[in-house]
Amino acid sequence: MALRTLNVAPGFMRFMPKEYQDLVEKGPFGRQIKVTDLGTFKEVLEEHPMCEGCAMAFFIRLSLAALPNPEHTVMVGTAGCGRLAISQAAIPFVYGNYCDTNGVATGLKRGLQIRFPDQHKDVVVMAGDGGLSDIGFSQVMHSWFRKEKFTTIMLDNEVYGNTGGQESGMTRKGEVVKMAPLGKQFEKIDMLGLAQTSGVAYIARLTPTNPSRVFSTIRKAVLIAREVGPTYVQAYTSCNIEYSIAPEKVLDDARQVEKERYGFVEIMSDEAKAYLERIDAESKA
Amino acid sequence: MINSKPYRVVPGPEGLLPPAAATCGVVLPEKGEGLVLGSLQSEQDTLLVMARELLTRKNPTIFPGPLVLWAWKEGVAEKAASVLELADEIPGVRIIPMPDYRPIYPKIDPEAVINPCHPNLTIWHNKIEVCVFVGVHCHFANITLKMIRAGTNCYTITLCHEAGHEDSMASLPFCGSDQVRALTEAIRQLKREGLRPRYADTPGIQLTPTQQTVLSGLAWQHGDGALAE
Ligand SMILES: Cc1ncc(C[n+]2csc(CCOP(=O)(O)OP(=O)(O)O)c2C)c(N)n1
Ligand code: SF4
């Protein structure tokens with residue numbers, strides 16, 4: 001997308017569905033959105049078919065609102081619950097096969113750099129823990145080894161939610177999920193450690209309990225990926241269906257998980273730190 | 001036994017999975033030609049068939065796609081204007097847009113929008129028996145046309161910017177604003193020759209109730225009833 005594509009052809013505005021009129025008139029495009037602006041503008045994602053109270057849907061909504069330039073962003077996803085919402089957002093979405101998100105994102109990012117040398121085009125992979133830590137694992141790792149400049153966001157619900165509850169590499173040891181009755185036999189994969197070893201420029205782990213933190217984390221991850229190198233965000237986004245959490249208890253669960261084991265972790269390379277300081281100083285100048 | 005009867009692309013419902021017309025031997029028209037029910041015709045004959053269908057079938061509707069709805073490059077405004085001129089000549093016509101191709105779940109408003117994931121819902125709800133696709137990218141038009149043929153009795157017309165569509169009942173390739181205007185002219189010609197349109201006493205463009213609501217919302221928003229265009 002680009003800002004100039006957001007003009008309705010003369011005479012057609014009155015035939016456009018309300019949603020599109022609102023996106024044109026009150027959307028987030030071409031301006032900086034703050035978390036306190038939520039509720040005052042037309043978000044790129046509102047309706048979606050995910051389960052009632054799903055924490056993943058909430059996190060996706062926040063993340064999409066936090067993108068620094070939604071009009072210059074392409075999302076890449078794959079099979080899994082998250083894509084039900086991501087593909088419905090008013091941001092171009094590429095559906096990678098279940099395994100090749102980070103290969104697709106690599107080609108896309110490189111192509112966009114050649115096609116638009118004077119304009120940052122942000123590529124953001126957003127997929128489940130099964131998609132990124134199991135079936136797409138090797139492509140994730142290789143994109144990091146190659147230092148590809150895009151962001152990978154894992155929606156870590158610690159299970160294969162979309163297919164009814166098989167265990168993933170990110171399920172915790174001993175956990176019994178609906179289609180893994182013996183319980184997980186090995187530890188949750190240390191994706192943060194792997195990211196560090198691979199030289200990922202910005203790494204964060206968080207839960208959706210604090211919208212301001214989600215905003216600043218996503219923004220940092222996307223900005224750093226523009227100039228410095230690959231970035232990785234891992235978000236705990238519980239599956240209330242597979243872990244039997246009542247919708248109204250979803251945020252309580254997230255707070256508890258954050259307190260007991262997930263925390264908020266942020267690891268940044270010196271280069272990434274310097275880059276953020278530079279753009280911060282430039283924006284204040 | 002080999003079936004030697006040529007495949008005809010006719011209004012459905014044809015059943016769950018109609019074959020792609022191309023696999024049944026229907027070939028695309030060249031410049032200056034058109035396709036009608038799967039067979040090649042001259043451009044002028046094709047235009048006259050389209051014009052007749054639009055004037056005589058129930059609830060004619062134009063489905064403009066993103067290439068016409070968004071003024072994303074030079075020339076779009078001109079083509080958009082030609083589509084509105086066409087609409088003006090079809091009594092009782094509606095314009096229901098396909099602004100992009102993202103899925104719309106859990107529920108679409110079939111009076112407001114048509115979506116390539118379930119175009120049949122819009123056609124069923126509005127009882128559309130003839131429609132025009134214009135400005136829809138070919139790969140989405142193809143899948144949409146097949147779904148319409150599968151589950152509805154709608155006569156599909158495509159004004160394609162590229163090579164045309166075998167899966168619509170009438171198709172014109174390489175359609176710029178000149179070709180759209182030629183269709184408008186064909187409609188005028190039929191009326192001059194005495195064809196009384198099915199909705200002869202109805203004004204050209206009818207807003208759907210949803211569009212009327214949106215419009216009043218906008219008028220309220222802008223205070224003076226003017227549209228932000
Ligand atoms: C190559 C391939 N294998 C298997 C599947 C079936 N499949 C669809 S979604 C899914 C699980 C998704 O789990 P995860 O990535 O953790 O996302 P979640 O649904 O939990 O958000 C699977 C195995 C597929 N689509 N493609
Ligand atoms: S199955 Fe789980 S992750 Fe998927 S939408 Fe439902 S609650 Fe969310």
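Analyst: In this predicted model, the contact is made on the H3(B) side by B:Glu78, B:Lys79, B:Ala81, B:Ser82, B:Val83, B:Glu85 and B:Leu86, which meet B:Ser177, B:Val180, B:Arg181, B:Leu183, B:Thr184 and B:Ile187 in H6(B). Sorted by class, the residues that H3(B) and H6(B) bring to this contact are six nonpolar, three polar and four charged. Helix H3 of chain B covers residues 76-88 and helix H6 of chain B covers residues 177-192, and the two pack at an angle of about 10° with their axes 9 Å apart. An angle under 35 degrees counts as roughly parallel, and H3(B) and H6(B) are therefore roughly parallel to each other.

The residues in the contact of H8(A) with H10(A) comprise six nonpolar and four charged, with no polar residue.

The contact draws 29 residues from chain A and 34 residues from chain B.

As for polar links across this interface, six residue pairs are in polar contact between chain A and chain B, counting pairs with both residues at pLDDT 80 or more. By class, the side of chain A that touches chain B has 16 nonpolar, seven polar and six charged residues. One salt bridge is found across the interface of chain A and chain B, and in a salt bridge the side chain of B:Arg102 meets that of A:Glu19, at 3.7 Å from N to O.

Over all chains, a search of the whole structure finds 30 salt bridges. One of the salt bridges joins A:Asp22 to A:Lys26, with the closest N and O atoms 3.7 Å apart. Both A:Asp22 and A:Lys26 belong to helix H1 (residues 18-26) of chain A, where they are four residues apart, or about one turn of the helix.

Some details of the backbone complete the picture. In chain B, the peptide bond from B:Gly12 to B:Pro13 is cis, with omega near 0°, and B:Pro13 is found in the segment before strand E1 (33-36) of that chain. A cis peptide bond also joins B:Tyr105 and B:Pro106, where omega is about 5°; B:Pro106 lies in the loop between strand E4 (93-95) and helix H4 (119-126) of chain B. In chain A, A:Cys99 has a positive phi of about 150°, although A:Cys99 is not a glycine. The place of A:Cys99 is the loop that runs between strand E2 (93-95) and helix H4 (101-115) of chain A.

Note on methods: Residues are numbered from 1 along each chain as its sequence is written. Chains are lettered from A and ligands numbered from 1 in the order in which they are written. This is a predicted model: local features need pLDDT of at least 70, side-chain atom pairs count only at pLDDT 80 or more; totals for chains, interfaces and linings use all residues. Side-chain values use heavy atoms; hydrogens and water are left out. Axes are lines fitted to C-alpha atoms, for helices over the stretch in contact, and angles run from 0 to 180 degrees between N-to-C directions. Angles under 35 degrees count as roughly parallel, over 145 as roughly antiparallel, 65 to 115 as roughly perpendicular and the rest as oblique. Contact means heavy atoms within 4.5 Å. Ala, Val, Leu, Ile, Met, Phe, Trp, Tyr, Cys and Pro count as nonpolar, Asp, Glu, Lys and Arg as charged, and the others, Gly among them, as polar. A salt bridge is a side-chain nitrogen of Lys or Arg within 4 Å of a carboxyl oxygen of Asp or Glu. A polar contact is a pair of N or O atoms within 3.5 Å; within protein, one must be able to donate a hydrogen and the other to accept it, and residues adjacent in sequence count only if both atoms are side-chain atoms.
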